[in-house]
Structure formats: C-alpha cells, structure tokens
There are 2 protein chains.
Amino acid sequence: MAKAVLTPRKKTIPRRQARGLRTREAILARAVDIASIQGLEGLTVGSLATQLKMSKSGLFAHFGSKEDLQLATVELARQIFIKKVTRPAIAAPRGMPRLWGLLEYWLALVEKRVFQGGCFFSAASFEFDSRRGVVRDRIAAIMHEWIGAITRAVCEAQKAGHLDTKVDPTRLTFEIHGIAMGAHWAHQLLDDKHAYFRARTILLEKLRSISTPECPHLP
Amino acid sequence: MAKAVLTPRKKTIPRRQARGLRTREAILARAVDIASIQGLEGLTVGSLATQLKMSKSGLFAHFGSKEDLQLATVELARQIFIKKVTRPAIAAPRGMPRLWGLLEYWLALVEKRVFQGGCFFSAASFEFDSRRGVVRDRIAAIMHEWIGAITRAVCEAQKAGHLDTKVDPTRLTFEIHGIAMGAHWAHQLLDDKHAYFRARTILLEKLRSISTPECPHLP
DNA sequence: ACATAATACGAACGTTCGTACTATTTATTC
DNA sequence: GAATAAATAGTACGAACGTTCGTATTATGT
C-alpha cells in the first residue's frame, strides 16, 4: 500500500526505439480503455498483459512503476481529448462557434464511445478526488486546463460581441460543465438515451438566451 | 476474478442479535467512509478489519461475500442520504420550499463532509457505471429513486402554483442535478471554495426565473 | 446450570497484486 | 558478422486479496 515515496526512482528505462515505442503505444491504448471502465486503480499490470498477450514483466519494463503507468495512461487520455475535442473546436472561428464546438465535440466524444467506459476524466476525477499524489495532481491540472479552455472561449465570445458581457464567464462555465457532466452520468449509469439530446437542447437554449443579435447562427 | 455467479449463496449467516448488530453497524459506518474515499472496490476486508481492530475473519463473518459488504455499504449510504436530505426536505411544505429543501440539504451534505470523501453516490456512480452486477444495479436504482424524488418535487411545485407549468419537469431535474454534481466535482477535485456558493446562486436564480408570483419566498 | 447458538479469532487456502532480477530473443551499429 | 543495446520472456518475491475452516469465547434461552 505505502509506496516507496522516499526512495528516488532508480529503475533505468532504456531509450526506446521504434519497436519499443510501438508496443508502448499499444499498451497505453488498451490501458486507456481499461481505465475508463475499471478505473485507474482497477487497471492492473496482469490483466493488461493478458489482454495484449504479453508477459507481465515485458510489459512492466516500459514503465518504472504502476504510478508511472497510470500517469502515462492519463497523458494519452489527454492527448485523445485534445485531438477529438479541443483541436477540432479551435478550427472554428473565435467566439460563439468555437465555444459551441468545445461543447459539441465533448458530448460527441462520450456519445461515440471514444473511451469504452464513458468519459475518462469524469470517472478519473471522482476516483481520485479524495486521494493524494502525482496522479491526482495531474488529473486536477488537466481539468483546470479544460475549465480554462471553456472560460477562455466564453470570454472570446464576449469580446467578439456574440455574448452578453454581463454574464460572468466563470459562472457560465460552471453551469455548462455541470450540465455536460450530468449528461454523461445519466447516459452511462441510467442508460438515459435522451441524455445528450437533452443536454444539447439545454445548452443551446442557455447560450441563445444570452447571445447578442450579432451572434452567428447556432445549430 | 470470475465470481461463482451460478452457485447460489450457501453460506449461512446467523441471525444477528444485539451485539452482532452493533458491530455490524460499526463496520458499515467505517465502510461508508472508506468507500467514499477509496471507492467501493478500494474498500477491502483487510483494511477495514485493521481500522476497526478486528480480525479479518471475524469481520467477514458478518457478510457472505465482498459483494454483500459493498451492497450493505451502499444501503447504509442510502439511509444516511435519506436521513440527511430526503427526510428533512419532506418536512417542508409541498411545492417550492420542499424542492429547494432537497437541493439545499443535498449541497449541505457534501459541504459538511458527512461522507468523508465527498458525495458517496457521485463517486459510486462513476465507479460502477461501466460494470455489471447487483452492486451497479442497486446504485442505479437508488439514483433513479433520487432523480424521481426531485422530479416529483418539481411537479408538486407546479401543481401548487409555485412554478411555471410550461417547464418540463424532467428537463429541469436534469439541469438541477447537473449543476449540483458539478459543484461536488469542482469542490472535491479543484478545491473550488466557492463551488457551493456558486451552485446555490445558479440554482436559486434558475428557480426564481421560472417561479410564479404565488411562489413562497426563496432564501 | 447447562445446552445452544451467536460472535470473534487465528491460521491457512489459492490467487493476484506490484516489483525485481536474470535470461533470451530481436534489432542496431560498427 | 561480431559486438552492443533494446525488447521481451521467465521466474521469483513478499504482501495483500477474498474466502474457508476449526476453535475458542461469550451470550441467550431453558
């Protein structure tokens, strides 16, 4: 249970080359899915090795510790999130279109089951929110990043004259984020088939109700 | 790993008496706290026994299996939730006061850290939403119950003439629930000190905006 | 009081956990 | 093609996992 927190990491991991990097990728790809289903603690070296038809030791050699594996898994999940949500959204012009892009791609991410077990970060958030250590810190940092991205999009929408400047960006972000997370929850746990439709409707109406006449068309 | 799903539970647990029930209560009280921090899977027989200065076997004798322990833990969490949220809220008169009571007591529950690790059911929801089995089913059923309670309160508020009858109760519940869950998330993971204040403000303004002139005073 | 049942314990089961050390196989480099 | 380094496998470890069993201790009912 108590990790060797004091002993500095000794294990030397060789500088990986093409092949090593490929297997590492394969491992982490699987790890992200397992973690999204079983949680980052439920993600075990043994099950991961079995599923990939590798030996435990061969797999483990790619990481210095389980904590490293968790960290790397979180990192890949972040990359996927950026690729599927943040980046496509940034392709849209600053202002309301970009803000809506963030939300739409986020909802689509979970709806399309890019992570087998629903929203990776919602699950990880609630799994680690009462723990300590680098994994929790990293998850929290990424979520700060995400909240920051939404808040920034709101501010830009105000600067672009698409959104009423009287609304508090932090507060709006809070609302938006809660509703989207509620959609994930209702969809995953309660099998609410209309969860995403409802979330979209609510978010769209919310945004419309505070948008200016100059705001570009919303879907 | 693979549970004996087919074999019916054989283990005979004696009909508990005063003493047995007392220790069982003590076990479960601790279990709820551990589970709210470490999750229902992270809740282990060994750690539970150590913390209670009991033997593993003596503790385990109170339950037929770990699954039973988890189930009993969930059940106690539900009782606590009912005691601290549902029941006090029902003391308020039907309509808007009762609806607001549900929300206020719910937020207070987590703010006052009744469960050491934040919101027990939000954590359990995201931990089990991609699994199968009786534990998941029970959690989902309890959450359905809870959503039902809010929805009913909304309907009553409409019948009482406190709330605009044009609003869709299911949809309003969806919104409300998302925002409250977002508050738990922001508070627990991001250490957002204003999370509950913000959530209250948002919920109150939301309710005010759709309340009728006949609606009793909101806080 | 004595018999019966409830309660708790200690020890052990087989399994899996994360991790470490040593081989062996597979690439790369000279 | 031999030397070197990377990549995987093999084996073993101590601890913890859930669970079972036999036994001692405590309470209850007669």
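In this predicted model, 31 residues of chain B are in contact with 31 residues of chain A. On the side of chain B that touches chain A, at least two residues each are supplied by H1, helix H6 (120–128), helix H7 (134–159), helix H8 (169–189) and helix H9 (195–209) of chain B. The largest share of that side comes from H8(B), with 12 residues. By class, the side of chain B that touches chain A divides into 13 nonpolar, 12 polar and 6 charged residues.

Turning to the DNA, 27 residues lie around DNA strand C, and those that come nearest are Gly46(A), Lys66(A), Gly20(B), Ser57(B) and Gly58(B). Two or more residues of this surface are given by each of helix H1 (18–42), helix H2 (45–51) and helix H3 (56–60) of chain A, and likewise by helix H1 (18–42) and helix H3 (56–60) of chain B.

Around DNA strand D there are 27 residues, of which Gly20(A), Ser57(A), Gly58(A), Thr44(B) and Gly46(B) come nearest. At least two residues each of the surface near DNA strand D are supplied by H1 and H3 of chain A, together with H1, helix H2 (45–51) and H3 of chain B.

Terms used
Residues are numbered from 1 along each chain as its sequence is written. Chains are lettered from A and ligands numbered from 1 in the order in which they are written. This is a predicted model: local features need pLDDT of at least 70, side-chain atom pairs count only at pLDDT 80 or more; totals for chains, interfaces and linings use all residues. A residue is near a molecule or strand if its C-beta atom, placed from the backbone, lies within 6 Å of it. Helices (H or I, at least four residues) and strands (E, at least two) are DSSP runs, numbered from the N terminus. Two residues are in contact if their C-beta atoms, placed from the backbone, lie within 7 Å. Ala, Val, Leu, Ile, Met, Phe, Trp, Tyr, Cys and Pro count as nonpolar, Asp, Glu, Lys and Arg as charged, and the others, Gly among them, as polar.
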